[in-house]
Amino acid sequence: MHSNRGQGISRRYFFGASASAALMVAMGGCASAPRRISKTEKLNIGIVGSGGRGGNNLEGVSSENIVALCDVDEVTGAGAFKKYPNAKRYRDFRVMLEREKGLDAIVVSTPDHTHAVAAIAGLRAGKHVYCEKPLGHSIWEVRKMREAAERSGLVTQMGQQGHATEGTRRAVEVIRSGAIGDVTELHVWTDRPAGWWPQGEERPTDRHEVPAHLDWDLWLGPAAYRPYHPIYVPFKWRGRWDFGTGAIGDMGVHNLDPAFWALELGEPVSAEVIASDRITEDCPPLWSIIQVNFPARGNRSAVKMVFYDGKKVPPADLFMGEQISDNGSLIIGNKGTIYTRTWHGGMSEADMFLLLPKKEFIGYVPPMPTIPRTQGHHEEFILACKGGPRTQSDFVYASRLTEALLVGQLALRTGQKISWDEKRMRANGSDKLNHLIRPEFRKGWEI
C-alpha cells in the first residue's frame, strides 16, 4: 500500500519549495527511462484531473496501482480521494511529476486548454500518457504533443472509447474492403451543445468569490487570466473559446473517427462555414454547419465533409428512410453508404452501423477482421504500457484527427474560408491567424 503523506503537504509546498523543480519537469527537465513491466505486474498511475471525466478514466484504469491523484478542485475530486485514500494527493500536476518518480503512466482528464501542458510534461518526465479528447486546444499544441510522443517513444492514447469497439473497427474494415466503393462525401453530426452547455454568449461581467475548494489560478493554467465565474466550472467551460473547443472537440473526434481512420483522411486543404447562429468573441455559436475538404490520397478521391452541431442534421433523403440518430455519420461511396448511428460504448456491428440502401446489401458477408481486437480502450493502453500491441489511437493518429477538426474551427472563429497549408501550419497564406493556430500561453506555463 502507498502512504498517505501527500495529503498533509501544505499549500506552501505546492506553490513554493518545489516550484522550480516542478517547472523544470514541465519545461523539459531530464526524464528517466520507463521501467520494464510484465503483464502480471501493475502499473503505477497518476491521475491528472480526478473528478468528472477523470472519474470515468480512473475507473477504466482501476485494475492498476493508483499512486497519486491530482485535482485543483477538492469537491470534484472528492469521490476519487475517498475511493483511494492511500493515494497521494496534489493540486499541481507539475509537483506530482517532480515528486512521484515511480509513476509509470499518467491519465490526463483536465479541460481542453491544459491537455498539452500536462501531457507533454508527463512525456518529458518519462511517463506513458493517456489524454482525454480532443487531443489539444489548438493546432500548434497537437503538433507539439505528436512531436513529444514521437521523440519519447513512450505509449500514448487519446481518450476515444469508440475507437476500441467492435462496431467501429468492423466499420473501418468494411470501408477499406471497398464495399461502398470510392468515398467522396461525408456527413458528421452531433446534438451538442443544444442544452449541454451555454454557447453564443458574451463573457460574463459580474464578479464572484472563488470557492475555497477551488484553486482558480491552477485551473486557468496556460489560459489568459480572467476572473472566476461559476459558469465555467466544473463543466460548462466547453463552450468558451479560451478553455474548450465546443461541439467539434467534444463530439467531432468521436463521430468523425470511423471515416477518418478508414479513409486515412489526414490534414484538410480548406474549410468554410455554411451557416451558424450567434457566434461571439467568447463562445462558439448556438449551432453551426461547416464544410471541410480533404485532398485526394493515392488512388482515393478527394472527400468533402460537412459537420453539423446543435441538432442540425444532414438532408433526410440521405438516410433512405432510416431514423436519424442524435450523433453519427454518413460515409457515402459510389456503391453504397455506411451510416454509423452512435459515437462510442461497446456497440456491436449491428448496433453501430447500417449499410445502405439495405436491398443492395442483402446477404452481404463482411471481410475477415484485420484490425486487432481489444477488451476496451483503457485496457489497450494498459497492455501497451506493459509491452503489448501498440495503441490504435496514439498521439500520432489523434493529433491528425484533432487538427482536421480544428481547421474547421478556424473557419468558424474567423468567419473566413480557410485555405490550409499543413506543412507551414499556416492559414490563407499569411500569419494573421497565427494567434488562433498558436495561442499565447501565460507566463510559467509555456511548452
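Which residues does Asp 250 touch, not counting residues up to four places away in sequence? Hi everyone, let's start there. Asp 250 touches Lys 133, Arg 192, Trp 197, Arg 238 and Thr 245, where contact means heavy atoms within 4.5 Å.

A word on the model. It is a predicted one, where local features need pLDDT of at least 70 and side-chain atom pairs count only at pLDDT 80 or more, while totals for chains, interfaces and linings use all residues. Residues are numbered from 1 along each chain as its sequence is written, and side-chain values use heavy atoms, with hydrogens and water left out.

Back to Asp 250, which sits in helix α10 (residues 246-255). Its relative accessible area is 3%, so Asp 250 is buried (under 20% relative accessible area, with a 1.4 Å probe and protein chains only). Its side chain makes polar contacts with the side chains of Lys 133, at 2.7 Å, and Arg 192, at 2.8 Å. A polar contact here is a pair of N or O atoms within 3.5 Å, and within protein one must be able to donate a hydrogen and the other to accept it; residues adjacent in sequence count only if both atoms are side-chain atoms.

Now to the strands. Strand β5 (residues 128-132) pairs with β6 in the parallel sense over 4 bridges; pairing takes at least two DSSP bridges. Glu 132 stands opposite Gly 159 in β6. From strand β6 (residues 156-159), Thr 156 and Met 158 point one way, Gln 157 and Gly 159 the other, and all are buried.

Helices and strands, by the way, are DSSP runs numbered from the N terminus: H or I of at least four residues, and E of at least two. Thanks, everyone!

Note on methods:
Buried means under 20% relative accessible area, exposed over 50%, partly exposed in between (1.4 Å probe, protein chains only).
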